[in-house]
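Please keep the sequence and the structure in view while reading.

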Amino acid sequence: MTGVIVLDKPEGITSFWAAAQLRRITGEKKIGHTGTLDPMASGVLPVLLGGATKFMELLPCHDKAYRATFLLGTVTDTLDITGTVLSQRPVHAAAQDVENALAAFRGKIAQIPPMYSAVSKDGVRLYALARQGIEVEREAREVEIFSLQTVCFDEKKGEYTVDVHCSAGTYIRSLVSDLGEALGCGAVLTALRRTVANGFSADEAHTLDELRSCSQETLQSCIYSVDKVLSPYPAVSVTDKQATRFCNGGELNADRLHDLGADGLYRVYAPGGRFLGLGNLDSTKAQLAVRRLLIER
């Protein structure tokens with residue numbers, strides 16, 4: 001099988017384990033997921049199958065969207081509710097204070113990755129160090145919060161739910177923790193659901209139980225073609241002869257192709273609409289060279 005299955009990952013399992021379950025369901029040995037979700041999180045987890053895995057590092061859309069719930073006044077070592085409580089603080093912030101504080105976290109912000117994360121430091125994952133009780137200095141990274149809106153809240157309990165649209169690499173746990181510190185009381189993430197990833201929404205996702213109950217034919221209908229996830233790249237159609245040359249690794253003369261614009265990656269299609277792979281346009285050489293071919297098995 002080759003393509004993309006959008007999994008609605010349940011809470012309580014790792015993204016690796018979820019992908020392993022899909023391997024059993026589909027029978028496809030080559031499999032890889034995009035954008036790890038923490039075990040406590042649920043939601044959209046695109047999984048690439050077969051020849052689609054070759055395009056993993058070329059996926060063009062990395063923005064994510066989440067619905068996150070947090071509790072004011074509690075701080076844990078993992079920055080979420082699954083961790084060890086480090087402190088309980090009094091909460092004096094009202095709902096309007098929270099709303100006012102959110103403004104500082106919209107746009108481009110600097111964020112320090114949490115110790116309980118998969119970021120590497122000198123070749124060692126931070127979470128491995130954290131489990132040994134070791135905390136190391138981490139460099140702040142620039143991320144972008146495109147939108148951050150309150151969905152609902154219980155001011156008395158100090159519990160809030162927000163919708164977040166952000167760039168790749170954003171840690172919602174860190175966002176919540178930093179917000180809590182800005183309010184002077186601390187905060188902890190209590191629930192997280194990813195609603196959008198790599199251009200796919202929760203409406204397009206399937207649960208593991210749904211996929212397990214599918215016949216082989218129905219399962220095939222749940223698989224998106226790899227060029228769907230590559231759709232932000234412009235498309236170019238080629239002739240039969242050009243398709244043969246491209247599939248054999250040969251460059252194509254850009255002057256003989258239509259619908260080309262700026263330099264960069266293009267989805268290349270044979271007559272009839274068959275997706276061949278990605279080509280890279282270099283106008284200085286007037287060539288469209290093979291960047292990655294789709295090899296279906």
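## Basis of the description

Helices (H or I, at least four residues) and strands (E, at least two) are DSSP runs, numbered from the N terminus. The model is predicted, so local features need pLDDT of at least 70 and side-chain atom pairs count only at pLDDT 80 or more, while totals for chains, interfaces and linings use all residues. Residues are numbered from 1 along each chain as its sequence is written, and side-chain values use heavy atoms, with hydrogens and water left out.

Helix 1 covers residues 15-26. The expected span of a helix is 1.5 Å times one less than its number of residues. For the 12 residues of helix 1 this gives 16 Å, and the end C-alpha atoms are 16 Å apart, which agrees. After helix 1 comes Gly-27, with a positive phi near 75°.

Residues are called buried under 20% relative accessible area, exposed over 50%, and partly exposed in between (1.4 Å probe, protein chains only). Buried residues in helix 1 are Ser-15, Ala-18, Ala-19, Ala-20, Gln-21, Leu-22, Ile-25 and Thr-26. They pack against strand 1 (3-9), strand 2 (31-33), strand 3 (42-49), helix 5 (208-212) and helix 6 (216-221), where contact means heavy atoms within 4.5 Å.

## Strand 3 and its partners

Eight of the eight residues of strand 3 are buried, so this strand is largely enclosed by the rest of the structure. Two strands pair if DSSP finds at least two bridges between them. Strand 1 and strand 3 run antiparallel and are joined by seven bridges; Lys-9 stands opposite Gly-43 of strand 3.

Strand 2 also pairs with strand 3 in the antiparallel sense, over three bridges, with Gly-32 opposite Leu-48. Strand 12, by contrast, runs parallel to strand 3 and is joined to it by two bridges. Gly-43 has Arg-194 as its bridge partner in strand 12.

## The nonpolar cores

A nonpolar core is a set of buried Ala, Val, Leu, Ile, Met, Phe, Trp, Tyr and Cys residues joined through side-chain atoms within 4.5 Å. The largest core has 30 residues, of which Phe-70, Leu-72, Leu-148, Val-164, Ile-172 and Leu-183 touch the most other members. Two or more residues each come from strand 4 (64-72), helix 2 (95-102), strand 10 (141-154), strand 11, helix 4 and strand 12 (187-197). Helix 4 gives the largest share, five residues. A second, separate core of 20 residues includes Phe-55, Phe-200, Leu-230 and Leu-294.

Leu-72 is found in strand 4 and is buried, with a relative accessible area of 5%. Leaving aside neighbours within four places in sequence, its contacts include Val-91, Tyr-160, Leu-183 and Cys-185. The C-alpha atoms of Leu-72 and His-92 are separated by 9.6 Å, the two residues being 20 residues apart along the chain.

Five strands form an open sheet of mixed pairing, in the order 14-16-17-18-15. Its edge strands, strand 14 (235-237) and strand 15 (252-253), each pair on one side only. Strand 15 runs antiparallel to strand 18 (residues 287-293), and two bridges join them. Asn-253 stands opposite Gln-287 in strand 18.

Helix 8 (residues 240-247) packs on the sheet, touching strand 15, strand 16 (264-269), strand 17 (275-282) and strand 18. The direction of helix 8 makes about 85° with that of strand 17; axes are lines fitted to C-alpha atoms, for helices over the stretch in contact, and angles run from 0 to 180 degrees between N-to-C directions.

## Residues in loops

Leu-79 lies in the loop between strand 5 (74-76) and strand 6 (85-88). Its phi is near 70°, a positive value in a residue other than glycine, and it is buried, with a relative accessible area of 17%. Asp-259, in the loop between strand 15 and strand 16, has a positive phi of about 65° although it is not a glycine. At 63% relative accessibility, Asp-259 counts as exposed.

Thr-170 is found in the loop between strand 11 (159-166) and helix 4 (172-183) and is buried, with a relative accessible area of 9%. Leaving aside neighbours within four places in sequence, Thr-170 is in contact with Gln-111, Val-143, Glu-144 and Ile-145.
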